[in-house]
Amino acid sequence: MKSDIDRLLAERGLDAAVVLGSTASSPTLTYLASGAGLEDALVLFRPGERPVLVHSPIERDDAARTGMDCVPNSRWDLVAIAREVQGDRLAVRTELLRRILADYGVSGRIGFYGHGEIGQAHALLKALAAAMPDSEIAVEFSGDLFTAARLTKDAAEIAALEDVAHRSNAVVAELAAMLSTSPVAGDRLLAP
């Protein structure tokens with residue numbers, strides 16, 4: 001359950017957790033986004049605090065549907081950061097992430113989660129560790145924090161699953177009714 005995240009942070013000795021990615025490719029981000037579609041998002045968890053979703057300004061409405069505290073990434077001046085680091089894409093991403101974490105007072109042992117290209121993820125986490133020498137970058141290979149959270153469901157999560165099941169059943173029933181009443185010519189189904 002999402003409500004277990006604080007407990008799971010404590011069990012893992014984490015001061016914060018960061019989820020990076022897109023709902024198109026990250027099961028963890030999809031789970032956290034409650035059905036909203038997000039690209040290049042960041043979700044920050046700190047014990048006892050509401051999660052923070054850093055998102056593209058164009059995704060404002062989708063971000064709001066997540067129920068998290070939403071902050072557009074335009075809060076940080078990417079153009080100025082790019083100038084400071086001479087346009088190096090890894091350095092831009094690293095500095096942006098460092099500033100986001102600093103602005104939210106995050107330090108200590110920080111867990112990173114999400115989905116992406118392994119080389120890029122490794123390079124980013126290595127660069128971030130160098131940029132934040134007073135913090136520890138932590139990753140988990142299996143049984144990670146968010147997989148553990150997804151194993152159990154609270155009443156709202158169960159209700160959402162039931163809603164999807166009911167809507168799916170209705171679609172299948174409607175399709176079956178259409179197929180059983182539509183005329184057939186040879187091996188083709190004709191429009192009613």
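A residue is called buried here when its relative accessible area is under 20%, exposed when it is over 50%, and partly exposed in between, using a 1.4 Å probe and protein chains only. By that definition, Tyr 113 and Phe 146 are both buried. The model is predicted: local features need pLDDT of at least 70, side-chain atom pairs count only at pLDDT 80 or more, and totals for chains, interfaces and linings use all residues. Residues are numbered from 1 along each chain as its sequence is written, and side-chain values use heavy atoms, with hydrogens and water left out.

The predictor's confidence in each residue, pLDDT, runs from 0 to 100. Its mean over the protein chain is 93, and 100% of the residues reach 70 or more. The protein chain has eight helices and eight strands, taken as DSSP runs numbered from the N terminus (helices: H or I, at least four residues; strands: E, at least two). Among these elements, the lowest mean pLDDT, 82, belongs to strand 8 (residues 188–189), and the highest, 98, to strand 3 (residues 52–55).

The overall form comes next. The radius of gyration of the protein chain is 21 Å, well over the 16 Å that the globule rule gives for 192 residues, so the chain is more spread out than a compact globule. That radius is taken over C-alpha atoms, and the rule is 2.2 Å times the number of residues to the power 0.38. Along the principal axes, the C-alpha atoms fill a box of roughly 70 × 40 × 30 Å. Buried residues make up 34% of the 192 residues.

A search of the whole structure finds two aromatic pairs. Rings of Phe, Tyr and Trp (its six-membered ring) pair if their centres lie within 6.5 Å; planes under 30 degrees apart count as stacked, over 60 as edge-to-face and the rest as tilted. Phe 45 and Phe 146 have ring centres 5.4 Å apart and planes at 50°, so this pair is tilted. The pair links distant parts of the chain, with Phe 45 in strand 2 (residues 41–45) and Phe 146 in helix 7 (residues 145–150), 101 residues apart. Phe 45 is buried at a relative accessible area of 7%, and Phe 146 is buried at 0%. For Tyr 113 and Phe 146, the centres are 5.0 Å apart and the planes at 80°, so this pair is edge-to-face. Here Tyr 113 lies in strand 5 (residues 109–114), 33 residues from Phe 146.
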